[in-house]
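Take a look at the protein below.

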Amino acid sequence: MARLEDIIAPVESEFRAFRELLNQVTLSELPFMRPITRDILHSGGKQMRPLLTLLVAALHDDARDPRVQAGAVLIEMIHWSTLVHDDVIDEAYVRRGQWTPGTLLRSKSAVLVGDYLFSKGLSQASRAGSFGAMRSATRAIELIVDGELMQMEHARRLDNSDATYTEIIRHKTAALIASAAECGVLPVCDDRPDAPQVTAMYRFGELLGLAFQIKDDILDFGFAEDGSQLKTGKVLCNDLRERKMTLPLIHALDEAAPADRRNVLKHLRRAAERTASVEWLRSFVAQSNGIAYSVQTMERYLNEALGLLEAYPASPVRKALQEYAAYVVGRSF
């Protein structure tokens with residue numbers, strides 16, 4: 001798997017300019033806000049979504065357009081605002097070994113910080129004339145909210161299916177990654193969402209988002225693609241504890257005998273309070289075809305995404321996008 005530095009290389013100067021702009025945009029007039037935004041925006045994230053925006057723009061010879069830079073900032077700000085809001089909703093206290101903003105601040109304050117980040121991103125996009133990016137990103141927010149609500153409802157009813165799961169992650173995760181790719185090509189197409197390059201790049205990002213989320217759900221069980229156990233450094237099976245049925249469990253349940261299905265639902269109801277139920281469910285998935293099926297589905301999305309890049313001539317940027325796609329599904333964290 002390529003190093004992240006190699007993927008960034010074709011847009012290194014543009015990525016550096018993006019980071020400088022991000023620092024400027026998030027510098028608050030309120031002194032007490034400055035350490036908060038600094039900690040949020042520099043807490044270890046790899047800024048993969050804005051990197052995708054810049055790579056897609058470079059694929060269309062447009063990475064230096066100020067509207068692209070502003071679009072990349074908007075995408076990153078929305079990503080972080082949704083994370084802050086998610087932490088409050090999920091009552092998540094730690095992410096990647098660090099306290100979350102929802103823990104360091106009172107919940108009400110954390111929600112306002114998320115709103116602050118979103119509004120700052122929109123303001124910068126407006127000043128730069130990135131109106132296509134604003135349309136794309138706000139549409140992504142609509143889809144993210146819809147996805148969250150769908151997930152909450154199906155977690156309550158414990159009735160998730162393969163098709164429903166796909167719709168949830170298409171909204172909840174893939175929408176923002178698709179928007180990130182779309183924002184990279186919109187300026188060169190006069191902000192026309194129906195332009196062929198725009199629809200192709202939106203689909204490219206959407207496919208990567210679907211593959212990314214399936215990989216994340218496999219890792220949540222602590223398994224590698226071959227079914228072996230991984231040491232990820234993360235708390236395992238958070239989804240089970242929140243009664244979220246992801247693809248490995250959904251497929252395992254689809255193939256299960258009626259008695260096993262009843263046991264799965266019984267343990268899923270108890271998973272929030274009982275570690276033994278979480279371990280039972282994890283063992284159930286490990287003994288099924290759930291991981292293998294999820295890997296096959298993830299690879300199908302990846303291959304379809306890579307196929308869209310074949311319409312472009314070979315170049316360092318196209319290679320970087322191919323490596324970016326492989327990086328998304330090849331990670332073990």
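Leu249 touches Phe221, Leu240, Val264, Leu268, Phe284 and Val285, with residues up to four places away in sequence not counted. Contact here means heavy atoms within 4.5 Å. This is a predicted model, in which local features need pLDDT of at least 70 and side-chain atom pairs count only at pLDDT 80 or more, while totals for chains, interfaces and linings use all residues. Residues are numbered from 1 along each chain as its sequence is written, and side-chain values use heavy atoms, with hydrogens and water left out.

Leu249 also belongs to the largest nonpolar core, which has 97 residues. Such a core is a set of buried Ala, Val, Leu, Ile, Met, Phe, Trp, Tyr and Cys residues joined through side-chain atoms within 4.5 Å. Buried means under 20% relative accessible area, exposed means over 50%, and partly exposed lies in between (1.4 Å probe, protein chains only). The residues with the most contacts inside the core are Leu51, Leu52, Leu249, Leu321 and Tyr324. Helix α9 gives the largest share of this core, 10 residues. In soluble globular proteins, nonpolar side chains tend to be buried together.

## The whole protein

The protein has 16 helices and 2 strands. Helices (H or I, at least four residues) and strands (E, at least two) are DSSP runs, numbered from the N terminus. Buried residues make up 52% of the 333 residues.

How much of the contact total with a separation of 6 or more comes from residues 24 or more positions apart? They account for 73% of those contacts. The accessible surface comes to about 15,300 Å², and 52% of it belongs to carbon and sulfur atoms. Accessible areas come from the Shrake-Rupley method with a 1.4 Å probe; for residues, only the protein chains shown count as cover.

Ser179 lies in helix α9, residues 162-185. Is Ser179 buried or exposed? Ser179 is buried, because its relative accessible area is 1%. Leaving aside neighbours within four places in sequence, Ser179 is in contact with Ile75, Ser136, Ala137, Ala140 and Tyr202.

Asp190 sits in the loop between α9 and α10 (196-220). Asp190 is exposed, because its relative accessibility is 63%. Its phi is positive, about 55°, although Asp190 is not a glycine. Thr199 is found in helix α10. At 41% relative accessibility, Thr199 is partly exposed. Thr199 touches Pro193 and Asp194, not counting residues up to four places away in sequence. Thr199 and Ala181 are 18 residues apart in sequence and 9.9 Å apart in space, C-alpha to C-alpha.

## A cavity

A search of the whole structure finds 1 cavity of 30 Å³ or more. On a 1 Å grid over the protein atoms alone, a cavity is a set of points where a 1.4 Å probe fits but cannot get out; lining residues have an atom within 4 Å of a point. Grid points are joined across faces, edges and corners, and a volume is the space filled by probe spheres set on the points.

The largest cavity has a volume of about 40 Å³. Which residues line the largest cavity? They are Arg67, Ser130, Ala133, Cys183, Leu186, Pro187 and Asp191. By class, the lining has 4 nonpolar, 1 polar and 2 charged residues. Ala, Val, Leu, Ile, Met, Phe, Trp, Tyr, Cys and Pro count as nonpolar, Asp, Glu, Lys and Arg as charged, and the others, Gly among them, as polar.

## Residues in other helices and a loop

Gln69 is found in helix α5, residues 66-90. Gln69 is buried, because its relative accessibility is 9%. Beyond neighbours within four places in sequence, the contacts of Gln69 are Glu14, Ala17, Phe18, Leu21, Leu54 and Ala63. Leu112 is in helix α7, residues 107-128. At 56% relative accessibility, Leu112 is exposed.

Arg243 is in the loop between α11 (238-241) and α12 (247-254). Its phi is near 65°, a positive value in a residue other than glycine. Arg243 is partly exposed, at 27% relative accessibility. Tyr293 is in helix α15, residues 290-309. Tyr293 is partly exposed too, with a relative accessible area of 22%. Tyr293 is in contact with Asp162, Leu247 and His251, leaving aside neighbours within four places in sequence. Tyr293 and His251 are 42 residues apart in sequence and 7.3 Å apart in space, C-alpha to C-alpha.

Notes:
1 Å grid on protein atoms, 1.4 Å probe; cavity = no way out; pocket = protein on both sides within 12 Å on 5 of 7 lines; lining within 4 Å.
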